[in-house]
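Please read the sequence and the structure below together before turning to the report.

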Amino acid sequence: MSDKEYQPKSKAGKWFNDRLPLLTLGAHLTDYPTPKNLNYWWTFGGILTFCLLTQIITGIVLAMHYVAHADLAFASVEHIMRDVNYGWLIRYIHSNGASMFFLAVYIHIFRSLFYGSYKSPREVIWIIGLLIYLLMMAAAFMGYVLPWGQMSFWGATVITNLFSAIPLVGDSITTWLWGAYSVDNPTLNRFFSLHYLIPFLILGLVVLHIWALHVPGNNNPVGIDIKKPSKDTVPFHPYITIKDTFALLMFMIIFAGFVFFSPNVLGHSDNYIPANPLVTPAHIVPEWYLLPFYAILRSVPDKLGGVILMFGAIFILFVLPWLDTSKVRSAVFRPIYRQFYWIFVVDVLLLGYMGAMPAEGIYLVLARVGTIYYFLHFLVVLPVVGLLEKTDPIPLSISEPVLSGGAKLSMAKKDNEKF
Amino acid sequence: MRSFSLKKLPVLFFIFFLIINHSFGSEQTKPIKVDWSFKGLTGKFDRASLQRGFQVYKEVCSSCHSMQYLSYRNLGEPGGPEFSKEEVKAIAASIEIEDGPDSQGEMFTRPGRPSDKFKSPYPNVNASIAANGGAYPPDMSVLVKARPGGSDYIYSVLVGYEDPPEGVILDDGVYYNKYMIGNKIKMSSPLMDGIIEYSDGTEASVDQMAKDVTTFLSWAAEPELEERHKTGFKVMVYLILLTVLVYLSMKRIWSRVDSEE
């Protein structure tokens with residue numbers, strides 16, 4: 001890369017850059033050679049950065065008006081909605097922002113699954129990404145508790161009770177988490193504290209995520225290694241920045257649609273009822289983005305087993321780079337994996353749907369089928385397909401027509417446009 | 001392999017579950033769909049209906065239901081019932097508010113001010129439960145947002161009182177309601193034709209009062225609704241224009257790369 005040759009033009013710039021090479025970093029980020037065939041599924045990294053910053057900024061303002069006390073939290077949220085200037089706007093951006101954040105992260109993750117972005121040499125990027133995802137779930141869960149409505153309280157009760165399934169020390173751990181003998185004011189207080197902390201941990205991990213990305217460079221829809229810089233790459237600025245901005249604006253239009261015209265559709269109406277430890281809601285359901293895991297949890301009749309499977313469903317993703325035995329990255333050249341990929345997408349949607357339904361009858365049966373298939377996909381399908389599959393010929397570069405893969409490449413490109 | 005792409009699977013899946021969801025909905029009677037003026041992208045409250053709805057709340061509901069997150073001043077704010085300054089002052093002044101302690105340490109009562117919160121009918125939740133045969137009359141500030149079905153549901157419950165079907169036996173103080181979740185409600189039908197006399201001369205039928213008070217409660221739950229819709233429209237126009245400009249810039253910038261091929 002050309003980083004090392006970078007020299008600021010001005011004297012002052014040179015003086016500063018010799019002491020702290022921020023300008024070199026800026027030049028690196030500007031020139032960063034990026035594959036020129038990235039499609040719109042690659043714009044979600046930028047969109048996610050926007051989501052994180054939006055949550056942090058709106059969250060800081062909300063924290064100026066919110067009161068983390070069991071007797072006052074609900075009223076303080078209503079105070080924000082009614083008395084704080086544009087409080088309704090800030091709160092609706094923050095609450096819908098959480099959903100938009102997850103929508104974007106799921107697209108980002110499924111893009112990686114389709115194009116094999118988690119494979120060598122990008123395993124560390126993938127793992128840092130999963131850590132971010134885990135922290136996002138923790139932050140979202142605790143944030144949902146803060147308004148101290150019925151779903152806040154009972155959601156917190158259900159999730160924290162999971163830890164009581166741990167043999168021997170489970171009950172002690174749960175009491176320790178609560179800071180009391182049930183979900184109560186100390187729980188609310190610490191959740192607020194952690195909810196404020198976690199986004200900054202995420203921010204730190206995002207820096208590492210991007211750093212790790214800039215070592216091998218971006219994967220691309222064709223999934224091949226490319227020379228950098230070369231005819232196959234474009235500088236990050238202005239090519240990728242303008243494309244990311246365009247995609248971000250499209251995303252913001254959907255975001256604004258929710259905030260201004262349907263701000264409560266993604267939430268649960270029970271959360272506008274103040275928390276009441278004596279009245280259990282008919283159905284306790286988490287926010288939509290946690291539903292697939294909730295379905296897995298409930299599909300096991302044994303509590304400990306359910307907890308293990310639920311956490312297993314997330315942790316299995318950490319070893320995904322080693323479960324997938326195929327050397328070919330992009331599903332574009334993997335005719336068999338491509339089919340299983342879409343079946344897996346449907347399986348996750350199915351689990352999400354079952355998570356929202358009562359755990360009984362046909363719903364429970366389907367949730368169990370979905371759970372079994374979820375693990376089969378990782379433990380059987382991926383290793384076996386990778387070994388047996390006959391992949392399509394792979395082009396040697398993005399731009400140059402190649403000996404054997406030329407025809408396929410044009411097909412692949414068409415495929416991507418459709419996708 | 002290529003004749004049927006599995007990419008279509010998720011779409012088929014959604015259609016499949018929409019059908020399932022539609023045909024196996026719960027047995028609960030769906031609320032009546034009302035064509036509210038405040039629904040839709042440009043929805044606004046009907047000012048006269050809000051003012052009448054406040055009258056219904058004040059003369060009927062407020063004897064049991066609190067509205068603790070609203071202040072009297074809200075009644076005069078834009079996007080709400082928009083009572084005049086004098087009217088708001090008069091409404092507030094008609095209420096006795098307990099204040100204090102004064103410099104002697106004594107509590108005292110005074111006429112309400114626009115900045116006061118709506119006075120609750122009971123000193124606390126337990127008192128409200130005790131006075132209502134063990135049933136808690138919920139606070140109405142965000143009631144519309146706290147019920148699936150929202151405004152339609154509140155309206156439907158208000159007009160949904162019926163004689164119980166055969167075979168349904170009700171305890172004392174429990175009433176049958178077609179739309180209430182579980183069909184049993186501990187509040188007797190609060191509205192009767194002519195129970196109040198509207199100050200604007202509108203005929204106070206049960207249906208009219210139910211619509212008016214639901215409109216009022218919908219505003220109480222979302223007092224920002226009109227401003228939200230207006231701001232949202234501007235934001236959308238701005239975003240769409242900016243998106244078009246950025247799209248054109250993007251095409252221009254990328255034409256340098258595309259022309260190389």
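The report that follows goes from the model and its confidence to the fold, the contacts and some local backbone features.

## The model and its confidence

This is a predicted model, in which local features need pLDDT of at least 70 and side-chain atom pairs count only at pLDDT 80 or more, while totals for chains, interfaces and linings use all residues. Residues are numbered from 1 along each chain as its sequence is written, and chains are lettered from A and ligands numbered from 1 in the order in which they are written.

The model scores ipTM 0.92 and pTM 0.93. The average pLDDT (the predictor's confidence in each residue, from 0 to 100) is 93 for chain A, where 94% of the residues score at least 70, and 92 for chain B, where 92% of the residues do so. Within chain B, helix α1 (residues 9-23) has the lowest confidence, with a mean of 68, and helix α6 (residues 206-221) has the highest, at 98. In chain A, residues 402-419 stay under 50 in pLDDT, and the model has 19 contacts beyond four places in sequence for them. Where pLDDT is low, the predicted coordinates should not be read in detail.

## Chain A and its domains

Chain A has 16 helices and 2 strands, counted as DSSP runs (H or I over at least four residues for helices, E over at least two for strands) and numbered from the N terminus. The radius of gyration of chain A, taken over C-alpha atoms, is 24 Å, close to the 22 Å that the globule rule (2.2 Å times the number of residues to the power 0.38) gives for 419 residues, so chain A is as compact as a globular protein of that length. Along the principal axes, the C-alpha atoms of chain A fill a box of roughly 70 × 60 × 45 Å.

An automatic or database domain assignment divides chain A into domain 1 (33-284) and domain 2 (295-419), and 23 Å separate the centres of these domains, taken over C-alpha atoms. Contact between two residues is defined by C-beta atoms, placed from the backbone, that lie within 7 Å; in these terms 29 residues of domain 1 of chain A are in contact with 24 residues of domain 2 of chain A. On the side of domain 1 that touches domain 2, α6(A) gives the largest share, 5 residues.

## A helix pair in chain A

Helix α11 (residues 291-299) of chain A packs against helix α15 (residues 361-388) of chain A at an angle of about 105 degrees, with the axes 9 Å apart. Axes are lines fitted to C-alpha atoms, for helices over the stretch in contact, and angles run from 0 to 180 degrees between N-to-C directions. Because 65 to 115 degrees counts as roughly perpendicular, α11(A) is roughly perpendicular to α15(A). The residues that meet include A:A295 and A:I296 in α11(A) and A:L364 and A:Y374 in α15(A).

## Contact between the chains

The contact takes 32 residues from chain A and 35 residues from chain B. On the side of chain A that touches chain B, α10(A) provides the largest share, 13 residues.

## Local backbone features

The peptide bond from A:K228 to A:P229 is cis, with omega near -15 degrees, and A:P229 has its place in the loop between α9 (185-214) and β2 (233-235) of chain A.

Terms used: Angles under 35 degrees count as roughly parallel, over 145 as roughly antiparallel, 65 to 115 as roughly perpendicular and the rest as oblique.
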